[in-house]
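Please look over the chain below with an eye to its charged pairs and its helices. A short report follows.

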Amino acid sequence: MTKSKFDAIVIGAGMSGNAAAYSMARRGLKVLQLERGEHSGSKNVQGAILYANMLEAIIPNFRDDAPLERHLVEQRFWLMDDSSHTGVHYRSDDFNELKPNRYTIIRAQFDKWFSSKVREAGGTVLCETTATKLARDRSGSVIGVYTDREGGVILADVVVLAEGVNGLLGTRAGLRDMPKPENVALAVKEMHFMPEEVIAERFGLNGSEGCVIEAGGTISRGMAGLGFLYTNKESISVGIGCLVSGLAEGMENPYRLLDAFKQHPSIRPLLAGSEIKEYAAHLIPEGGFKAIPQLFGNGWVVVGDAAQLNNAVHREGSNLAMTSGLMAGEAIFQIKSRGGLMTKRNLSLYKGILDKSFVMKDLIKHKDLPSLLHTDSNNFFMTYPTLISQAAQNFVRVDGAPKINREKATAASFINARSRWGLISDAVRSAVSWR
């Protein structure tokens, strides 16, 4: 292998790495993909949400054989205190369409399938292989990688870093900094297995329909965090994620948070009688636009989670990962097709394509919101959920006490709570004055 030179080496076989490798291999480029695990997806036991539109742009007929679990017809958003939840549900029969928009998947199965498509397209996939160091020429340009296998350097015109948010290859080479604790969340997840018909009954589902629950509130103990539950065919993926900085400062154990979330009165009945067979921990980029590192240089580009391309506001990651991998592959192909070198100037084409896409436009639009949620997390995840629960209970509880007294007490609590937006206090003051 040391005597061969590849058009591109892709480090990692997750969403972004597979998208990049496939998009280049199907266009005839000589591609090598390196994966640390026994096979692609072997380190991803968790469930996830797949956004069909992005994968369809890469593999139009993916629905023919991709390992899809359920197509999503219902989304539930819950704001939780210790004993209740206040929810907003959206369910539509429009999602029972010929080509559904979103699916739940199990990453171990899906990543393995995606990697098989890379092979079918002509790419070389080498598993149980760790890239240990980037190879450079005298000018500092990246020209390949060293691995933990014998044989020396593997040469390539360009290296695509799709190694995940905590990948060491790029950071060791000084291409990007280690992610800051306030820009990364640690999510812990479990797979709870139960019969398909039980899942359908509990969530009101028919056939292959699926439901997602996302929950915020006191479950994260004042830290910026989110709980979630995804329905698969014969299992439920349940988990909770919080910023690493919050976990460290509060000395919180993420698995204890997960156990408490599972025991919440709103969650416990949904998991009753299930069998836990798998669990995992996963780092997720949460810094948003301001945390994005340099995305290209002489002989290299970075994609997916390694590039901090995750929309924390809309809880979207796999679609940004696949899109960035596809666009990196397209840019590299364009440069190769016109006989260009993989210089920093030429590879800026990747950034230009990405800037015109929904990926950067959405991240720029919400560039200040992640820091707002992180810096005022105690209000957003403790104070407000508790007050909203109190307000809802005051509205529905009938015990002979005058409603006006309860409403004024609730309004006063909202006014006294410090708000970074200021809009909540103004709205409540107006309501109190009117009454």
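## A charged network

K5, D7, D157 and K336 are joined in a network of salt bridges. The model is predicted. Its salt bridges number 18.

K117 and D65 form one of the salt bridges, at 2.8 Å from N to O. The two residues sit in distant parts of the chain, 52 residues apart. K117 belongs to helix α3, residues 107-120. D65 lies in the loop between α2 (52-56) and β4 (68-80). K117 is buried, at 12% relative accessibility. D65 is partly exposed, at 40%.

A second pair is E209 with R91, whose side chains meet in a salt bridge at 3.0 Å, N to O. Which class does E209 fall into, buried or exposed? E209 has 7% relative accessibility, and the cut-off for buried is under 20%, so E209 counts as buried. R91 is partly exposed, with a relative accessible area of 38%.

E252 and R221 make a further salt bridge, with 2.8 Å between the closest N and O atoms. Here, too, distant parts of the chain are linked, 31 residues apart. Both partners are in loops: E252 between α6 (244-250) and α7 (254-262), R221 between β12 and β13 (225-231). E252 is partly exposed at 23% relative accessibility. R221 is also partly exposed, at 42%.

K262 is a residue of helix α7. K262 has a relative accessible area of 11% and is buried. What does K262 contact, leaving aside neighbours within four places in sequence? The contacts are E190, H192, V238, I267, R268, L271 and I276.

## One face of α11

Helix α11 covers residues 358-365, and its buried residues are V359, M360 and L363. Seen down the helix axis, these buried residues fall within an arc of 85°, so they line one face of α11. An α-helix has 3.6 residues a turn, so residues three or four places apart point the same way.

What do the buried residues of α11 pack against? They pack against α9 (318-337) and α10 (344-355). On the other side of α11, K361 and K365 are exposed.

## How α1 meets α9

Helix α9 also packs with α1, residues 15-25. The angle between the two helices is about 30°, and their axes are 7 Å apart. Angles under 35 degrees count as roughly parallel, so α1 and α9 are roughly parallel to each other. Their crossing is right-handed.

Which residues meet where α1 and α9 pack? From α1 come M15, S16, A19, A20, S23 and M24. From α9 come S318, A321, M322, S324, G325, L326, G329, E330 and I332.

How values were computed. Residues are numbered from 1 along each chain as its sequence is written. This is a predicted model: local features need pLDDT of at least 70, side-chain atom pairs count only at pLDDT 80 or more; totals for chains, interfaces and linings use all residues. Side-chain values use heavy atoms; hydrogens and water are left out. A salt bridge is a side-chain nitrogen of Lys or Arg within 4 Å of a carboxyl oxygen of Asp or Glu. Helices (H or I, at least four residues) and strands (E, at least two) are DSSP runs, numbered from the N terminus. Buried means under 20% relative accessible area, exposed over 50%, partly exposed in between (1.4 Å probe, protein chains only). The arc is that of the directions from the helix axis to the C-beta atoms. Contact means heavy atoms within 4.5 Å. Axes are lines fitted to C-alpha atoms, for helices over the stretch in contact, and angles run from 0 to 180 degrees between N-to-C directions. Angles under 35 degrees count as roughly parallel, over 145 as roughly antiparallel, 65 to 115 as roughly perpendicular and the rest as oblique. A crossing is left-handed if the near helix is turned anticlockwise from the far one by less than a right angle, and right-handed if clockwise.
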